[in-house]
Every structure is written in C-alpha cells, then in structure tokens.
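I opened this notebook to record what I looked up in one structure. The entries follow the order in which I consulted it.

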Amino acid sequence: MSDSFMVFVKENLSALYATGLSLYGGIAHYALRVREGEKPSWSSALASGVLCMFCGHISYFVCGKLGIVGYDMALVVATSAFAGVPALKRVLKEKAGIDLG
C-alpha cells in the first residue's frame with residue numbers, strides 16, 4: 001500500500017471507526033423497526049441510515065471536544081447512532097450542557 005494511504009488511515013482511524021459504528025447502529029435500528037412491524041422499504045432504510053449516521057458522527061465530534069476516547073467513545077457513538085435524535089439530544093445536554101429543547 002502507498003505511504004499516503006497509510007498516513008490517511010492513521011490520521012483518520014478514529015473517524016473511520018466512528019463511521020463503522022454509526023452504520024452498524026443504523027442497521028440495528030432499522031432491523032428493530034422492521035421486527036416491530038414496520039414494512040421493509042429501501043427508502044425507509046436509507047432515511048434511517050442517514051439519520052443514524054448523522055447522529056453517530058455528531059456524537060463522535062462531541063466526544064472529541066470532551067476528550068472521551070476509546071471504548072467510552074465507541075459506546076456513546078454506537079448508542080447515539082442506534083437511538084437517533086433522542087439519544088443525541090441527551091448526550092449533548094448531559095455531557096456538553098447544550099439543551100436543544
């Protein structure tokens with residue numbers, strides 16, 4: 001592999017890890033909704049995936065700002081991605097003191 005690729009991976013490994021966790025949380029979230037009776041559809045799966053990825057990435061940046069790393073960061077990112085907006089609001093309020101209403 002090229003040196004520039006390895007430098008990119010090394011510098012962005014935690015962001016790539018957060019992306020994977022967010023995607024995994026989104027898949028689990030959508031699977032739970034289908035299991036609870038929602039009719040499967042590609043548009044709903046895509047919308048759910050985008051929302052969960054967004055929540056996971058915002059949580060990742062909040063963790064970076066607050067110095068939360070490692071397994072604690074993984075737990076916050078995956079949980080926020082799985083639970084979506086309500087979890088993101090809670091993390092922002094409890095950890096960063098930001099109340100979104």
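**Entry 1: the model.** I noted that this is a predicted model, in which local features need pLDDT of at least 70 and side-chain atom pairs count only at pLDDT 80 or more, whereas totals for chains, interfaces and linings use all residues. Residues are numbered from 1 along each chain as its sequence is written, and side-chain values use heavy atoms, with hydrogens and water left out.

**Entry 2: the chain.** I looked up the secondary structure and found four helices and zero strands. Helices (H or I, at least four residues) and strands (E, at least two) are DSSP runs, numbered from the N terminus. The pattern along the sequence is α-α-α-α. I also recorded that the C-alpha trace spans about 45 × 40 × 20 Å along its principal axes.

**Entry 3: α1 and α2.** Helix α1 covers residues 3-35, and its axis lies 8 Å from that of α2 at an angle of about 140 degrees. That makes α1 oblique to α2. For these terms, axes are lines fitted to C-alpha atoms, for helices over the stretch in contact, and angles run from 0 to 180 degrees between N-to-C directions. Angles under 35 degrees count as roughly parallel, over 145 as roughly antiparallel, 65 to 115 as roughly perpendicular and the rest as oblique. In the contact (heavy atoms within 4.5 Å), the α1 residues include S14, A18 and Y30, and those of α2 include S44, C52 and Y60. Ala, Val, Leu, Ile, Met, Phe, Trp, Tyr, Cys and Pro count as nonpolar, Asp, Glu, Lys and Arg as charged, and the others, Gly among them, as polar.

**Entry 4: α2 and α3.** Helix α2 (residues 42-66) packs with α3 at about 150 degrees, their axes 7 Å apart. That makes α2 roughly antiparallel to α3. Among the residues that meet are C52, G56 and C63 in α2 and M73, V77 and A81 in α3. This contact holds eight nonpolar, three polar and no charged residues.

**Entry 5: α1 and α3.** I found that the axes of α1 and α3 come within 7 Å and cross at roughly 35 degrees. From α1, residues including A18, G25 and L32 meet M73, A78 and F82, among others, in α3. The classes here are 11 nonpolar, four polar and no charged.

**Entry 6: the largest pocket.** Which residues line the largest pocket? I listed L75, V76, T79, S80, A87, R90, V91, E94 and K95. The elements giving two or more residues to this lining are α3 (70-83) and α4 (85-96). The largest share, five residues, comes from α4. By class, the lining has four nonpolar, two polar and three charged residues. On a 1 Å grid over the protein atoms alone, a pocket is an open set of points where a 1.4 Å probe fits, with protein on both sides within 12 Å along at least five of seven lines; lining residues have an atom within 4 Å of a point.
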